[in-house]
Amino acid sequence: MSDTLKIYRFPDPVLRIKAAPVENIDGELQQFIDGMTETMYKAPGIGLAAIQVGKPISLVVYDISPPEESHKINVIMNPEIVSREGSITYEEACLSVFDYSAEVKRSNKILVKAIDREGKPIEIEAEGLHAVCLQHEIDHLNGVLFIDHISSLKRSLYKSRLKKILSKEQ
Ligand code: NI
C-alpha cells in the first residue's frame, strides 16, 4: 500500500518539463508505478503521466475500461507515436487542469511503440478513446497540455476564470 502522490496543476511550470527516457527499471520504479496507479484511480482519472506527479520521466499509466468493468491498468514507458490515421474530436479533461473540459481534435488511429513495466518492447494499436487517451498522455511527456490545443480565446477565458478561483483560495 503506497501513499497517493501530489498531482501538480496548471499553471505550475513543472508540467512544462520534458520527460527523460526511463533507463533503470528497478524496485523503486515499480513502487513509483504502483503509487501513480493508486493516485490515478483515487483522483479518479483514466490516465496519468509521471510529470503530473512531479517526476520528469517517460512513464504513463492509464485505464480506459468502462467503470462497470474491473480495473485493468496499462503501464507504458518511453512511448513513441509511429503512425497516425484519421481524426477524432473528443471532449477532454485533465487531472492537472482544474475544473475545465474542452473539445480537442486528434488522430483517430495511432500506432505506439513503447516498453512495458518490465522493459519488454510493445506495440499498441489504438483507436477512438484509446487513441485520444494515449495522445493526451504522450503530450504530457513533452510538456504539452490539452488546453494548448484549443483556441487562444478559449484558453485566455479559462486562464482568467482560473485566476479568480485561485485568488479566492488564498
Ligand atoms: Ni492530462
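Tutor: One term before we start. Contact means heavy atoms within 4.5 Å. Also, this is a predicted model.

Student: Okay. Which residues does Q52 contact, leaving aside its neighbours within four places in sequence?
Tutor: Q52 is in contact with K6, I7, Y8, L15, G47, C94, L95, S96, E137 and H140.

Student: And where is the place of Q52?
Tutor: Q52 is in a loop. That loop runs between strand 1 (47–49) and strand 2 (59–62).

Student: Is Q52 buried or exposed?
Tutor: Q52 is buried. Its relative accessible area is 1%.

Student: How far is the backbone nitrogen of A49 from a polar atom of the Q52 side chain?
Tutor: The two atoms lie 2.9 Å apart.

Student: Now the metal. Which residues are the protein donors of the nickel ion?
Tutor: There are C94 through SG, H136 through NE2 and H140 through NE2. They lie 2.1 to 2.3 Å from the nickel ion.

Student: How are the donor residues spaced in sequence?
Tutor: The spacing is C-x41-H-x3-H. C94 lies in strand 4 and H140 in helix 2, so this pair ties together parts that are 46 residues apart in sequence.

Student: Are C94 and H140 buried or exposed?
Tutor: C94 is buried, at 10% relative accessible area. H140 is buried too, at 1%. The cut-off for buried is under 20%, so both values qualify.

Student: Let's do pockets. What is the volume of the largest pocket?
Tutor: About 300 Å³.

Student: How many residues line the largest pocket, and which lie nearest its centre?
Tutor: The lining has 16 residues. Nearest the centre are I46, G47, E92, A93 and L129.

Student: Which helix and strand each supply at least two residues of the lining?
Tutor: Strand 4 (88–94) and helix 2 (129–141) do. Strand 4 holds C94, and helix 2 holds H140.

Student: What is the lining like by class?
Tutor: Nine residues are nonpolar, four are polar and three are charged.

Student: New topic: helix 1. Where does T37 sit, and is T37 buried or exposed?
Tutor: T37 lies in helix 1, which covers residues 27–42. T37 counts as buried, at 11% relative accessibility.

Student: What does T37 touch, not counting residues up to four places away in sequence?
Tutor: T37 touches V61 and I73.

Student: And Q31, is that one buried or exposed?
Tutor: Q31 is exposed, with a relative accessible area of 56%. Q31 is in helix 1 as well. From Q31 to I73 is 14 Å in space, C-alpha to C-alpha. In sequence, Q31 and I73 are 42 residues apart.

Student: What about Q30, what does Q30 touch beyond four places in sequence?
Tutor: Q30 touches I25 and R117. Q30 lies in helix 1.

Student: How far apart are Q30 and R117?
Tutor: In sequence, 87 residues. In space, 7.5 Å from C-alpha to C-alpha. Their side chains make a polar contact at 2.7 Å.

Student: Switching to the backbone. Where are F10 and P11 joined by a cis bond, I mean, what is omega there?
Tutor: Omega is about 10° for the cis peptide bond between F10 and P11. P11 is in the segment before helix 1. Another cis peptide bond runs from A43 to P44, with omega near -10°. P44 is in the loop between helix 1 and strand 1.

Student: What is phi of N78?
Tutor: Near 50°, a positive value in a residue other than glycine. N78 lies in strand 3, residues 74–85. N78 is partly exposed, at 26% relative accessible area.

Student: And what is phi of D99?
Tutor: Near 55°, and D99 is also a residue other than glycine. D99 lies in strand 5, residues 97–106. D99 counts as partly exposed, at 48% relative accessibility.

Terms used:
Residues are numbered from 1 along each chain as its sequence is written. This is a predicted model: local features need pLDDT of at least 70, side-chain atom pairs count only at pLDDT 80 or more; totals for chains, interfaces and linings use all residues. Side-chain values use heavy atoms; hydrogens and water are left out. On a 1 Å grid over the protein atoms alone, a cavity is a set of points where a 1.4 Å probe fits but cannot get out, and a pocket is an open set with protein on both sides within 12 Å along at least five of seven lines; lining residues have an atom within 4 Å of a point. Grid points are joined across faces, edges and corners, and a volume is the space filled by probe spheres set on the points. Helices (H or I, at least four residues) and strands (E, at least two) are DSSP runs, numbered from the N terminus. Ala, Val, Leu, Ile, Met, Phe, Trp, Tyr, Cys and Pro count as nonpolar, Asp, Glu, Lys and Arg as charged, and the others, Gly among them, as polar. Donors are N, O and S atoms within 2.8 Å of the metal (3.2 Å for Na, K and Ca); water is not among the atoms, so sites may look incomplete. Buried means under 20% relative accessible area, exposed over 50%, partly exposed in between (1.4 Å probe, protein chains only). A polar contact is a pair of N or O atoms within 3.5 Å; within protein, one must be able to donate a hydrogen and the other to accept it, and residues adjacent in sequence count only if both atoms are side-chain atoms.
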